[in-house]
Amino acid sequence: MPHWLQLMLDSLAPLLWACLTFTIPLTILSFAFGLLLGLASALLRLFGPRPLSAAVRFYVWIIRGTPLLVQLFLIFYGLPSIGILLDAFPAALIGFTLNVGAYSSEVIRAAIS
């Protein structure tokens with residue numbers, strides 16, 4: 001194996017390990033929790049009591065109206081200012097779950113009605 005290829009593989013190993021230990025579990029968990037949240041919010045929006053339906057509509061409106069990066073920054077950097085400290089993985093999981101939940105809520109709601 002050429003020396004340059006070995007150097008490249010050695011420098012990519014930490015990135016591949018991070019992908020296996022962080023990115024793939026984060027993707028699977030946030031997608032699963034987001035779909036559950038989307039199903040629950042779609043059902044509440046269609047069949048729930050009026051105050052709950054309004055709260056879900058507001059949640060979907062806020063999440064879909066702000067960029068995902070802003071949401072992640074608010075969760076990771078904004079919550080510590082009110083005393084809620086989160087590590088990177090739980091903060092990313094909450095942010096991605098809320099985002100996936102809002103978008104899938106609209107898809108599920110449109111499919112039901």
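The model is predicted: local features need pLDDT of at least 70, side-chain atom pairs count only at pLDDT 80 or more, and totals for chains, interfaces and linings use all residues. Residues are numbered from 1 along each chain as its sequence is written, and side-chain values use heavy atoms, leaving out hydrogens and water.

Which residue does Arg-64 meet in a salt bridge? Its partner is Glu-106, at 3.7 Å from N to O; a salt bridge here is a side-chain nitrogen of Lys or Arg within 4 Å of a carboxyl oxygen of Asp or Glu. Arg-64 lies in helix α2 and Glu-106 in helix α4, so the pair ties together parts 42 residues apart in sequence. Helices are DSSP runs of H or I, at least four residues, numbered from the N terminus.

Glu-106 also forms a salt bridge with Arg-45, at 2.4 Å from N to O. That pair links helix α1 to helix α4 across 61 residues, and both Arg-45 and Glu-106 are buried.

A further salt bridge joins Glu-106 to Arg-109, with the closest N and O atoms 2.9 Å apart. Both residues lie in helix α4, three residues apart, about one turn of the helix.

Note on methods: Helix = DSSP H or I, 4+ residues; strand = E, 2+ residues; numbered from the N terminus. Buried < 20%, exposed > 50% of the residue type's maximum accessible area, 1.4 Å probe, protein only.
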